[in-house]
Amino acid sequence: VLSYLKELERHGSPEDFFSRRQAYAQLLSDVFRKHKGVILDYQGDFQMVGFNVELRSDDPDHAVHALAACQEFLRALP
């Protein structure tokens, strides 16, 4: 994933970079929320996603959901 973001920086205009960076962040949010993940923090190029972190939630399969989200996210990257 980090290599994908570095490639974005090397090619195209700054406007193109920010547009693609926004699409990347939206993809990450959509995929991880679909698998019951919660975006906890954005720090530059990195996002912290948690599973089974909501106080009202007890998801015994949170590890399975986290791995499924990672796999789907990596498949979705161009």
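## Nonpolar core

Tyr-24, Leu-28, Phe-32 and Phe-73 touch the most other members of the largest nonpolar core, which has 13 residues. Such a core is a set of buried Ala, Val, Leu, Ile, Met, Phe, Trp, Tyr and Cys residues joined through side-chain atoms within 4.5 Å. Buried means under 20% relative accessible area (1.4 Å probe, protein chains only). Helix 1 (2-10), helix 2 and helix 3 each give two or more residues to this core. Helix 2 gives the most, with five residues.

## Model basis

This is a predicted model: local features need pLDDT of at least 70, side-chain atom pairs count only at pLDDT 80 or more, and totals for chains, interfaces and linings use all residues. Residues are numbered from 1 along each chain as its sequence is written, and side-chain values use heavy atoms, with hydrogens and water left out.

## Helix 2 against helix 3

Helix 2 (residues 14-34) packs on helix 3 (residues 62-76) at an angle of about 150°, with axes 9 Å apart. That makes the two helices roughly antiparallel (angles over 145 degrees). Axes are lines fitted to C-alpha atoms over the stretch in contact, and angles run from 0 to 180 degrees between N-to-C directions.

Tyr-24, Leu-27, Leu-28, Val-31, Phe-32 and Lys-34 in helix 2 meet Ala-69, Cys-70, Glu-72, Phe-73 and Ala-76 in helix 3. Contact means heavy atoms within 4.5 Å. The residues of this contact comprise nine nonpolar, no polar and two charged. Here Ala, Val, Leu, Ile, Met, Phe, Trp, Tyr, Cys and Pro count as nonpolar, Asp, Glu, Lys and Arg as charged, and the others, Gly among them, as polar.

## Chain overview

The chain has three helices and two strands, in the order α-α-β-β-α from the N terminus. Helices (H or I, at least four residues) and strands (E, at least two) are DSSP runs, numbered from the N terminus. Of the 78 residues, 31% count as buried.

Definitions and conventions:
Parallel < 35°, antiparallel > 145°, perpendicular 65-115°, else oblique. Buried < 20%, exposed > 50% of the residue type's maximum accessible area, 1.4 Å probe, protein only.
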